[in-house]
Amino acid sequence: MSRKSSISAREFEQEAIAQLSALLGVASRLTRNPADAQDLVQDTLLKAMRARDQFEAGTNMRAWLLRILTNTFINRYRRGGLERSVLDGPDADPLADGWISASTMESMREPESQALRPMLEQEIKRILDELPEEFRLAVVLSDVEELSYKEIADIMGCPIGTVMSRLHRGRRLLKSRLYEHARALGIVGPEASVGDTSEKQEPVVDLASYREKRVSRS
Amino acid sequence: MTSSCRQTIPLLEAFGDEELTPEQLLEVEQHIVDCGTCTERVRLNQALHSSVRSAVRSAAPVMPAFEARIAAALRAEAERTEVADIAVEREARHHHMLSWRTVVPVAAAAAVTLVWAASTSTQQAQLRGEKSAYAQAENADELLEELVDHHVNGGGPQVTEPSLLSELEPQVGVPLSLPSLKEYGARWVGGSVVPVSNQHAASLRYMMGGHRVTLYVYNSSRVPIETRLQPRTVRNEPVYVGTRRGVSIAATEHRGVGYAVATDLNDDESAELVAAVY
């Protein structure tokens with residue numbers, strides 16, 4: 001049974017200030033505009049202050065505030081719900097999960113020049129902002145706020161399976177565009193072909209040895 | 001790609017998110033120990049995860065001014081709620097004590113109250129918050145009466161030249177500039193200083209298509225304005241709106257300066273006007 005909180009205004013203010021960074025981070029990626037993000041956070045916290053009796057003691061205050069923030073964003077900016085993505089529906093990304101080689105993955109995560117890191121970070125932010133809203137929110141709530149699938153599902157008002165799908169597709173788009181960017185910068189070379197080259201040399205089933213064993217057993 | 005890779009890859013994201021069942025976790029761990037490519041997949045996922053976090057956090061640092069703005073907004077909201085609760089309590093008590101004939105006018109008077117807390121003496125400051133809130137509520141009706149009286153009956157202006165407004169500043173205690181409000185078709189008539197509840201506010205009078213508009217400007221840190229009217233958001237700023245004796249009043253605050261308009265327009269128009277003054 002849920003237990004409603006009796007948090008005082010003063011206690012709430014302290015909790016809210018402690019969550020400002022998380023709220024502003026998510027709000028900035030949702031609105032993509034610093035002034036709108038600040039207004040969104042202020043509206044969220046004023047609403048939460050008025051509704052603080054509804055907060056269930058012992059649950060995640062940050063997740064509760066993020067739910068109010070997301071709803072406030074939808075009501076203010078997206079009266080019809082989150083932006084429908086042109087990529088929603090059948091999978092629009094033809095790249096399979098095994099499309100990239102181990103050495104390329106290593107180069108992507110460990111660029112040789114440290115000077116490239118800030119540029120990559122900037123690029124990640126840009127790519128993130130270009131992601132469809134539902135994917136972007138799922139990725140930010142998971143990777144930045146480290147919320148569980150269940151908490152993200154509550155915030156986004158969808159089943160856990162949908163959260164997993166949005167996360168997967170968002171991350172794959174992010175990875176794929178980052179790969180294109182890394183190639184343009186010369187951080188990684190071109191793949192020999194789509195698929196994992198190192199694994200291609202390794203046969204899935206060694207038929208010759210299988211036959212040998214069958215023969216020796218019989 | 002081995003068949004074991006094909007079974008493991010769909011689980012790698014949930015592995016990174018720590019969402020696997022114990023059985024799945026064991027399965028993935030056993031696989032990645034022997035598979036360099038899947039180990040690299042996990043590392044890339046982790047690197048991406050931390051880069052996303054770092055990019056998002058660094059893009060939106062919390063500046064001290066923003067933190068102060070939020071703290072002030074939350075405190076104002078808490079005080080507003082407290083005053084409203086006390087007023088409701090008082091009203092409930094009156095319901096018990098008074099006959100229905102007296103309850104009606106009292107309730108009507110309480111329906112719209114702008115709380116203008118006069119600066120308190122040292123002795124008053126020592127009062128407990130509860131008593132102070134009562135005092136604020138007591139002052140509220142009186143204050144509102146004064147604002148409405150001045151709006152309805154106010155005397156002639158002290159200054160009619162915008163450049164002379166600065167002469168009123170020492171009494172009011174805040175810089176005064178003249179909001180044009182031309183986009184609303186408003187014409188400035190003149191300004192004066194009005195004593196209200198032992199404080200001084202600047203009164204700027206406008207005419208707008210036959211409607212009289214009085215804009216009060218005052219020092220909101222010395223004379224904080226709270227309200228138990230319906231709050232609303234106009235242009236992303238909180239505005240408090242209500243009506244008394246047919247006069248619509250809308251109040252807001254910006255950077256320590258309080259603004260209130262008294263008009264014979266409707267509440268929506270008053271709220272729009274007060275949100276446009278700074």
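Tutor: Before we start, residues are numbered from 1 along each chain as its sequence is written, while chains are lettered from A and ligands numbered from 1 in the order in which they are written. The model is predicted, and local features need pLDDT of at least 70, side-chain atom pairs count only at pLDDT 80 or more, and totals for chains, interfaces and linings use all residues.

Student: Which helix gives the most to the side of chain A that touches chain B?

Tutor: Happy to start there! Two residues are in contact if their C-beta atoms, placed from the backbone, lie within 7 Å, and the contact takes 46 residues from chain A and 37 residues from chain B. Several helices of chain A each supply at least two residues, including H1 (9–18), H2 (20–31) and H3 (34–50); helices (H or I, at least four residues) and strands (E, at least two) are DSSP runs, numbered from the N terminus. The one that gives the most, with 8 residues, is H3(A).

Student: How many residues of that side of chain A are nonpolar?

Tutor: Ala, Val, Leu, Ile, Met, Phe, Trp, Tyr, Cys and Pro count as nonpolar, Asp, Glu, Lys and Arg as charged, and the others, Gly among them, as polar. The side of chain A that touches chain B has 10 polar and 14 charged residues, and its nonpolar residues number 22.

Student: How is H7(A) placed against H3(B), roughly parallel or roughly perpendicular?

Tutor: Axes are lines fitted to C-alpha atoms, for helices over the stretch in contact, and angles run from 0 to 180 degrees between N-to-C directions. The axes of H7(A) and H3(B), residues 36–59, come within 9 Å and cross at roughly 100°. Angles under 35 degrees count as roughly parallel, over 145 as roughly antiparallel, 65 to 115 as roughly perpendicular and the rest as oblique. H7(A) therefore counts, against H3(B), as roughly perpendicular.

Student: How many charged residues are in the contact of H7(A) with H3(B)?

Tutor: From H7(A) come Val139(A), Val140(A), Asp143(A) and Val144(A), which meet His49(B), Val52(B), Arg53(B), Val56(B) and Arg57(B) in H3(B). The contact holds 5 nonpolar residues and 1 polar residue, and its charged residues number 3.

Student: Within chain A, how do H2(A) and H4(A) lie, roughly parallel or roughly perpendicular?

Tutor: The axes of H2(A) and H4(A), residues 61–77, come within 10 Å and cross at roughly 25°. The crossing angle makes the two helices roughly parallel.

Student: Is Leu20(A) buried or partly exposed?

Tutor: Leu20(A) is found in helix H2 of chain A, and, leaving aside residues up to four places away in sequence, touches Val41(A), Val62(B), Glu67(B) and Ile70(B). A residue is buried if 20 or more other C-beta atoms lie within 10 Å of its own, exposed if 12 or fewer, and partly exposed in between, with C-beta atoms placed from the backbone. Because Leu20(A) has 18 other C-beta atoms within 10 Å, Leu20(A) is partly exposed.

Student: Which strands stand at the edges of the sheet in chain B?

Tutor: Two strands pair if DSSP finds at least two bridges between them. The open sheet has 7 strands in the order S2-S3-S4-S9-S8-S7-S6, with antiparallel pairing, and the twist averages 25° from one strand to the next. Two strands have a single partner each, so one side of each is left without a neighbour in the sheet: these are S2(B) and S6(B).

Student: Which residue in the turn between S6(B) and S7(B) has a positive phi?

Tutor: S6(B) and S7(B) run antiparallel and are joined by 5 bridges, with Val234(B) opposite Glu237(B). They form a hairpin with 2 residues between them, and the turn residue with a positive phi, about 50°, is Arg235(B).

Student: Does Lys182(B) count as buried or exposed?

Tutor: Lys182(B) sits in the loop between H8 (169–172) and S2 of chain B. With 9 C-beta neighbours inside 10 Å, Lys182(B) counts as exposed.
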